[in-house]
Each structure stands twice: as C-alpha cells, then as structure tokens.
Amino acid sequence: MDKTRCHWFDESNEIISKYHDEEFGILNKDDDYLFEILVLVNFQTGLSWEIMLKKREDFRIAFDGFDVKKIAGYDEKRIEELLKNENIIRNKNKIKAVINNAKVFIKIQEDYGSFYDYIKTFTKGQIFHERGLTESELSRTMVKDLKKKGMKYLGPITMYSYLQTIGVINSHEEDCFLY
C-alpha cells in the first residue's frame with residue numbers, strides 16, 4: 001500500500017524522500033543529532049536544504065562526526081584545514097560560528113542537562129503543527145535567547161527550519177502519513 005506524503009515530496013529524489021520519511025517533523029531528542037542539525041542549518045543559510053543533505057556525509061567527515069567537544073576545541077589551524085576542504089561549504093564565518101556554537105551548546109547541556117531539555121523550556125514538550133510558515137514566535141524567541149547565550153549565525157528562519165527538522169514543529173500536510 002502506498003503511503004500518502006506531502007505534496008512537495010518527490011519520490012524520484014532519493015535524498016529528499018529519505019529525509020521526508022525518516023527525519024522531517026519526526027521528534028528527535030538526541031543531543032548528538034540536535035547538534036548535527038544545528039551545524040547543518042548554520043551552513044545551509046543562503047543555500048537549499050537539498051544541497052546540505054547531499055553534503056551531509058562530507059560534513060560528517062570534515063567535522064569529526066559532529067562531535068561537539070572536538071569541534072569546540074578547533075583552533076585556527078583546523079579552521080584553515082576546513083577552508084581547504086572542497087567537499088564542504090568553505091565559509092570562514094560559518095565555520096567560526098559552528099565552533100563558537102559548539103561551546104555554547106556544551107554550556108547549555110551543562111546548565112539544563114541536555115539541549116533538548118533547554119528546548120523544552122520554550123515548548124513545554126509540545127509539538128507544534130504548522131504549515132506555510134518560515135518563522136514563528138517560538139523561533140524568534142529561541143533565537144533571541146540563543147544569541148544572548150552567545151550563539152552566532154542563527155536567525156528566526158534558520159531556527160524555524162531547525163525546529164521542523166528535529167520534529168518540534170511538524171509541518172507535514174494533514175493527509176501525509178507523518179502528520
């Protein structure tokens with residue numbers, strides 16, 4: 001039996017198909033995953049999400065499996081190595097933001113027990129069903145707080161995309177099997 005999917009679903013695009021069926025809008029509380037997606041959305045700014053999904057494994061290799069502690073310790077030498085890596089997006093400001101954000105992420109984990117527990121201070125564990133938006137009061141509020149904590153290269157649209165991917169915001173259409 002075929003499953004009904006969102007109208008934007010393109011079964012001929014294997015990467016988007018897998019993303020739709022296995023990640024988008026599906027709640028994931030794992031801090032390793034939450035940091036990985038944070039790295040990817042930082043680099044995705046100004047690009048399509050499909051490009052990031054295609055480059056995801058290259059980023060995984062370049063950024064030590066998205067190990068937050070290793071990334072927090074990157075120095076200028078490591079930044080220069082990353083800038084020479086032709087398999088990733090080579091933007092010095094984004095690389096520096098990811099390193100900075102890793103340090104803030106760790107501090108949030110220490111203060112709240114986990115990054116997901118931090119997110120819950122805004123959501124109370126609720127899943128938001130929204131479609132047709134690119135930002136919300138939740139994404140604006142979270143970005144404001146994360147910036148106050150020191151995170152960089154995040155805006156309300158980027159945060160909204162992040163929240164959709166990790167499943168805090170479920171933007172699947174009502175007739176989609178994942179709604």
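**Pockets, core and overall fold of a predicted model**

**View 1. The largest pocket of the predicted model.** The largest pocket has a volume of about 420 Å³, where a pocket is an open set of points on a 1 Å grid over the protein atoms alone at which a 1.4 Å probe fits, with protein on both sides within 12 Å along at least five of seven lines, and a volume is the space filled by probe spheres set on the points, joined across faces, edges and corners. Its lining has 18 residues, and the closest to the pocket centre are F24, L133, Y160, S161 and Q164; a lining residue has an atom within 4 Å of a point. Helix α9 (residues 156-166) gives the most to this lining, with six residues; helices are DSSP runs (H or I, at least four residues) and strands likewise (E, at least two), numbered from the N terminus. The lining of the largest pocket divides into seven nonpolar, nine polar and two charged residues, with Ala, Val, Leu, Ile, Met, Phe, Trp, Tyr, Cys and Pro counted as nonpolar, Asp, Glu, Lys and Arg as charged, and the others, Gly among them, as polar.

The model is predicted, so local features need pLDDT of at least 70 and side-chain atom pairs count only at pLDDT 80 or more, whereas totals for chains, interfaces and linings use all residues. Residues are numbered from 1 along each chain as its sequence is written, and side-chain values use heavy atoms, with hydrogens and water left out.

**View 2. The second largest pocket.** This pocket has a volume of about 230 Å³, and the residues that line it include K18, E22, K54, R56 and R60. Both α1 (14-22) and α3 (49-62) supply at least two residues of the lining, and α3 gives the most, with five. The lining of the second largest pocket holds three nonpolar, no polar and seven charged residues.

View 3. Leaving aside neighbours within four places in sequence, F63 is in contact (heavy atoms within 4.5 Å) with residues including F43, I71, Y74 and V98.

**View 4. The whole protein.** The protein has nine helices and two strands, and buried residues make up 49% of its 179 residues.

Definitions and conventions: Buried means under 20% relative accessible area, exposed over 50%, partly exposed in between (1.4 Å probe, protein chains only).
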